[in-house]
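Look at the sequence and the structure below. The text that follows goes through a sheet and then some helices.

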Amino acid sequence: MELKKVNANTWDIPKQGGMKVPGRIFASEKLLEAIKQDQTLQQAVNVAHLKGILKYSFVQSDAHQGYGFPIGGVAAMDVEEGVISPGGIGYDIGCGVRLIKTNWTADEIKPHIKELLEKLYKEVPSGVGKPGVTELSNDELQEVLARGAQWAVGQGYGKKADLEHTEEYGSMEADPSLVSARALKRGRPQLGTLGAGNHFLEIQEIEKVHDNKTAAAFKLDNEGYVTIMIHCGSRGLGHQVASEYIRAMEKKYGYEDLPDRELINAPIQSDLGQEYYKAMCAALNYSFANRQMIMHWVREVFADVMGNHHDMDLVYDVCHNTAKFETHDVDGEKRNVCVHRKGSTRSFGPEREEVPEAYRHIGQPVFIPGSMATGSYVLVGTKKSEEISFGSTAHGAGRLLSRSKSIKKFNGESVAKEMEKQGIHVKAASWKGIAEEAAPAYKDIDEVAKVSHELELAKRVARLKPLGVVKG
Amino acid sequence: MKYKFLEHTADVKFQAYGKTLEEAYSNAGEALSAVMTEVDDVKETRSLTVAVQGEDMKSLLYDYLAELIVLVNTENFLLKRVDALKIDRDGVLSLTATLLGDDLDKYKTHDDVKAVTYNEMEIDETPGKCVVQVVLDI
């Protein structure tokens, strides 16, 4: 595919055929080579065909092939003319990352790491189809869908300050009545569970502070101190919402004009488009509540093992599978657009009203977790990202090898032993799961963070290194 | 061969085979289960039925596999084998089948299947060597 170099970290796919806008890839040469290995660029071209897409079909530096949209894809749609596409959000609606800071040093935690991991593994259910510990009534589940993390805090899972450090204050305006009985049935037993695949719960150490002032604002300015990261989403409920609306949209609007049937969509202004959006927000609320409850149990485990959890404050919780209505500058004009982020983190700079007050002066925290054996980054959103990527950046290291190749290439037990030698302990449901998530299966996280930093999509604040991992 | 897994960067792509489309669809169900567990080890202690309708063969496949995923979460059901799968093409396109399997929580599992996708879905109904191809979101 023909690519035009714009600068060291930006490449364009010129408009051709039915593309309504060009494609734009944010990547270094090294990451671009990785991206070229699969269908990512073709999928970005496909997304560029969608009605109402503005400026570019964007691809982040950690991108890889998805199903329909590339993972790492960003598409902003004109609210009047454009469409909303469930594939542009993904099946795991509201999948995201939350980071907790602590006042323990790594040296204080290390002697207890195995006990902590065992207890975290026991208290936070993970794996395929594992039910959670909460038995929710239908009415309670409706409340979860309507109020998200605010419901969870109201039930005693955490404190009010947590909400002040959560995207959207942990709750989007949603309509739970648009979530089907089957989705409710799927989601009810799973609230407060991690799930499987690439979802994880990680104990980390602040390895390096890149930006002291911002790190201080995020309370992450002490190198050697411990943080905890949680990565998961809306579980079966979100998956079911996406599946059902995809089917409803294709019945209503067909797919004949689309380059990929998975890009099925509905006009934003249509009843079905609006209904999907409000159901999606309900699933987002489920994901906020899910991570809030998991954090509560994490605090309890630490209190049990370490004596207390007084200083375990939430730094931030941010989703990377969403569609949001936001105001952006398009060709010199302020416009309300619908930004699809499929495996991309919002990275708003200072002064945006969407950023919680706690961070409005400095910009929102952005998390880019790497593979379980390498490291993760905390970054800060920028004004510049609003100009160049509708306020979006990468969301992870991004897979490089397929799961089947990883399993052939790596042995889970050896991977775990190797990690242990580096001082990283891992607790997982299966060895196979560890083999799938082995570090070389992912792209270089330092390179991903560097691209984001250099382009100012989000700027580096701190690097975190793993000490212990619970894998779903 | 009943099914084969193919390369896909992050998700799972498979092809399932059969002399008839019914057989290929049945094997696709098994392939989905094989993503979650060692399907050979699963016992047949439970039997459920599935009935779905579609507008075309692809949407029928989508809804049928989506139903198997739902049963994992709502019925704690892990599929071993699909029996007596019938596709009715007269009138409304529909599929019925008997699902044999066991309780999910008795087995070691690895990957969760989040959803079925239409991405790269292909259905080849050549008599004697039917093939269906599916990408699952993991």
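In which sense do strand β2 and strand β3 of chain A pair, and over how many bridges? The model shown is predicted. In it, β2 (residues 10-13) and β3 (residues 23-26) of chain A pair in the antiparallel sense, and the pairing runs over 4 bridges. One residue pair can be picked out here: A:Thr10 has A:Phe26 in β3(A) as its bridge partner.

These two strands belong to an open sheet of 7 strands in chain A. Read across the sheet, the order is β1-β2-β3-β4-β5-β13-β12, with mixed pairing. The edges are β1 (4-7) and β12 (321-330) of chain A, each of which pairs on one side only. On average, neighbouring strands of this sheet are turned by 25° against each other, direction ignored.

A helix lies across part of the sheet. Helix α16 of chain A, residues 445-455, lies across β3 and β4 (57-64) of chain A. The helix α16 runs at about 145° to β4(A).

Next come two helices that pack against each other. Two packed helices are described by the angle between their axes and the distance between the axes. For helix α4 (residues 113-123) and helix α11 (residues 271-306) of chain A, the angle is about 145° and the axes are 10 Å apart. The crossing of α4(A) past α11(A) is right-handed. On the α4(A) side, the contact is made by A:Glu115, A:Leu116, A:Lys119, A:Leu120 and A:Glu123. On the α11(A) side, the residues include A:Trp297, A:Val298 and A:Glu300. The residues of this contact divide into 6 nonpolar and 5 charged, with no polar ones.

Conventions
Residues are numbered from 1 along each chain as its sequence is written. Chains are lettered from A and ligands numbered from 1 in the order in which they are written. This is a predicted model: local features need pLDDT of at least 70, side-chain atom pairs count only at pLDDT 80 or more; totals for chains, interfaces and linings use all residues. Two strands pair if DSSP finds at least two bridges between them. Axes are lines fitted to C-alpha atoms, for helices over the stretch in contact, and angles run from 0 to 180 degrees between N-to-C directions. Two residues are in contact if their C-beta atoms, placed from the backbone, lie within 7 Å. A crossing is left-handed if the near helix is turned anticlockwise from the far one by less than a right angle, and right-handed if clockwise. Ala, Val, Leu, Ile, Met, Phe, Trp, Tyr, Cys and Pro count as nonpolar, Asp, Glu, Lys and Arg as charged, and the others, Gly among them, as polar.
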